[in-house]
Amino acid sequence: MDAEYRTLIAETIDKRAKEYTDLSDEIWGYAEPRFQEYESSRAQQEFFKSRGFSVKAGLAGEETAFIAEYGSGKPVIAFLGEFDALSSLQQEADCTERRPIPGKENGHGCGHHLLGTASVAAVDALKTYMEEKKISGTIRYYGCPAEENAGGKAYLVRDGYFEDCDAALTWHPHTTNKTMGKAGFLANFRVFFTFHGISSHAAGAPELGRSALDAVEIMDIGVNYMREHMIDAARIHGAITNSGGIAPNVIPSEAQILYAIRAPKVTQVKKLYERMCDIARGAALITGTTVDIRQVAAYSDVVRNRVLEEVMDENLQAFVPIGYTKEELEYAKTFQGAITELDREGLKTMISQLADKEHKKEMQEMPLLDFVIDKDMGVGGGGSTDVGDVSWVVPTAQVNVNCYAAGTALHSWQAVAQGKSSIAHKGMLTAAKVMACSGAKLLLDPQIIERAKEDWKDELDGETYPNPLPKDAKPEIW
């Protein structure tokens, strides 16, 4: 660590490590789902108020969204945080068997308790550094609700909360350490198609009925046929959320299907969505039903910023390897025994991308991947993130930092179980150091931000934010 700011910031984070890990564990315990993160948001807000930050809450129609701010003037640097959990992933900590916690419904299977707290720690430590060195500028923590399934950041972007930002930094818990350069995140729409028909007795008067469930099934068949005629990188997943009832002798008058529609570019998703709307209307015509179409979420693709990626990668390299004890390595091995066979295959596939033949076996035996992956390797991605919406309006960069045993799948109870471990805590504190030090470098050398803006404009190549949310869309629990 050759830069003075790295030493000073790392010392601050290490001194306050217990405060940060306690906050993370507290939020792990709340495990609140999208738009209901009341206690998690409150805990973070109270922390910031105790540290002398100004706090503005209840933003963009999202009760749990807030901004904590310190400083004044330019540049304005945003740090993105999340705190929502996933449904049906309740799980006891440190347990390698599926053991739900009685009375709990949700669990932090994507590590957002770590994600938000590391960003809190980064902003807190950076504030101390700015005070000590009398550095001007503004730093903000964005408490962002509902990343899972609802894309909460898109509402904050739509309502202008990032308009005066100069750069945005974030991270995500993972099983690797990597600056997210070439990652392959997909844009994503979430859309409900609700069909309305006419109920009747299926045996006594079938001719009087018009089946909404038939319409759902015909639509799904049409979408399946459409798959042959879309780009390879696109993905469409559906779930029937209302089958119309459980009585086979009653023709369903209402049925509903929810689709996630993904593609590399948000403009490509929009075209697929329009084609699916035509399929839905066709299914309604075929069955004599009607259809209501309601888009409830949108995630844009991520606009890369190579200048900010270089800054974050430099700091990631400075703090990795993280370093693990013998006990931590043994802990990770026990969880590798608890992951699924498919996850083991996924780990092998990833390692085959990272290692040559000589080192492949050695890497496959590592319970924790304690090294930095080249940012231009296409490892990871495939999912969607509302960080993409932020990246369309402000230069943005993100890192992944290891918090779990190698091979652990996110969105799994195995990830929930490891969420309070010292391994997860070390990853979180490392991420805090990377982000805080990256922020410090931008404050100390604002010319980097100007270069980042130029790179951002080049990457956009004349395009502007497509604002994929419908005008009437609002944050809601569905």
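The legends below describe close-up views of a predicted model.

Residues are numbered from 1 along each chain as its sequence is written, and side-chain values use heavy atoms, with hydrogens and water left out. Because the model is predicted, local features need pLDDT of at least 70 and side-chain atom pairs count only at pLDDT 80 or more, whereas totals for chains, interfaces and linings use all residues.

View 1. Eight strands form an open sheet of mixed pairing, in the order E1-E2-E6-E3-E7-E14-E8-E13; helices (H or I, at least four residues) and strands (E, at least two) are DSSP runs numbered from the N terminus, and two strands pair if DSSP finds at least two bridges between them. Strand E1 (54-59) and strand E13 (372-373) are the edge strands, each pairing on one side only. Strand E3 (residues 76-82) and strand E7 (residues 167-174) run parallel and are joined by three bridges, and leucine 169 in E7 is the bridge partner of phenylalanine 79. Helix H3 (residues 38-50) packs on this sheet, where it touches E1, strand E2 (62-72), E3 and strand E6 (137-144), and its direction makes about 15° with that of E2. Helix H4 (residues 112-133) lies across E2, E3, E6 and E7 and runs at about 150° to E3; axes are lines fitted to C-alpha atoms, for helices over the stretch in contact, and angles run from 0 to 180 degrees between N-to-C directions.

**View 2. Phenylalanine 79 and the largest nonpolar core.** A nonpolar core is a set of buried Ala, Val, Leu, Ile, Met, Phe, Trp, Tyr and Cys residues joined through side-chain atoms within 4.5 Å; buried means under 20% relative accessible area, exposed over 50%, and partly exposed in between (1.4 Å probe, protein chains only). The largest core has 74 residues, of which Ile9, Phe79, Leu126, Trp171 and Leu442 touch the most other members, and its largest share, 13 residues, comes from H15. Apart from this core lies another, of 60 residues, which include Ile236, Ile257, Ala284 and Trp456. Leaving aside neighbours within four places in sequence, phenylalanine 79 has contacts (heavy atoms within 4.5 Å) that include Leu126, Tyr141, Leu169, Met435 and Gly439.

**View 3. The four-stranded antiparallel sheet.** Four strands form an open sheet with antiparallel pairing, in the order E10-E11-E9-E12, and the edge strands, strand E10 (235-242) and strand E12 (290-299), each pair on one side only. The twist averages 20° from one strand to the next. Strand E9 (residues 187-196) and E12 pair over nine bridges in the antiparallel sense, with phenylalanine 193 standing opposite isoleucine 293 in E12. Helix H7 (residues 212-226) packs on the sheet and touches E9, E10 and strand E11 (254-263), its direction making about 20° with that of E11. Helix H8 (residues 266-287) lies across E9, E10, E11 and E12, and runs at about 10° to E9.

View 4. In helix H10 (residues 326-336), the buried residues are Glu328, Tyr331, Ala332, Phe335 and Gln336. They lie on the same side of H10, because they cover an arc of only 145° around the axis, the arc being that of the directions from the helix axis to the C-beta atoms. On the other side of H10, Lys326 and Glu327 are exposed. The buried residues pack against helix H11 (341-354), helix H14 (413-417) and helix H15 (422-444). Valine 434 is found in helix H15 and is buried, with a relative accessible area of 0%; not counting residues up to four places away in sequence, valine 434 touches Met312, Asn315, Leu316, Phe319 and Val399.

View 5. The structure holds 35 salt bridges, each a side-chain nitrogen of Lys or Arg within 4 Å of a carboxyl oxygen of Asp or Glu. Aspartate 124 forms one with arginine 16, with the closest N and O atoms 3.0 Å apart; this pair links distant parts of the chain, aspartate 124 in helix H4 and arginine 16 in the loop between helix H1 (4-15) and helix H2 (17-30), 108 residues apart. Aspartate 124 is buried at a relative accessible area of 1%, and arginine 16, at 17%, also counts as buried. Glutamate 39 forms a salt bridge with arginine 42, with the closest N and O atoms 2.8 Å apart; because glutamate 39 and arginine 42 are three residues apart in helix H3, they are separated by about one helical turn. Glutamate 39 is partly exposed at 33% relative accessible area, and arginine 42 counts as partly exposed at 27%.
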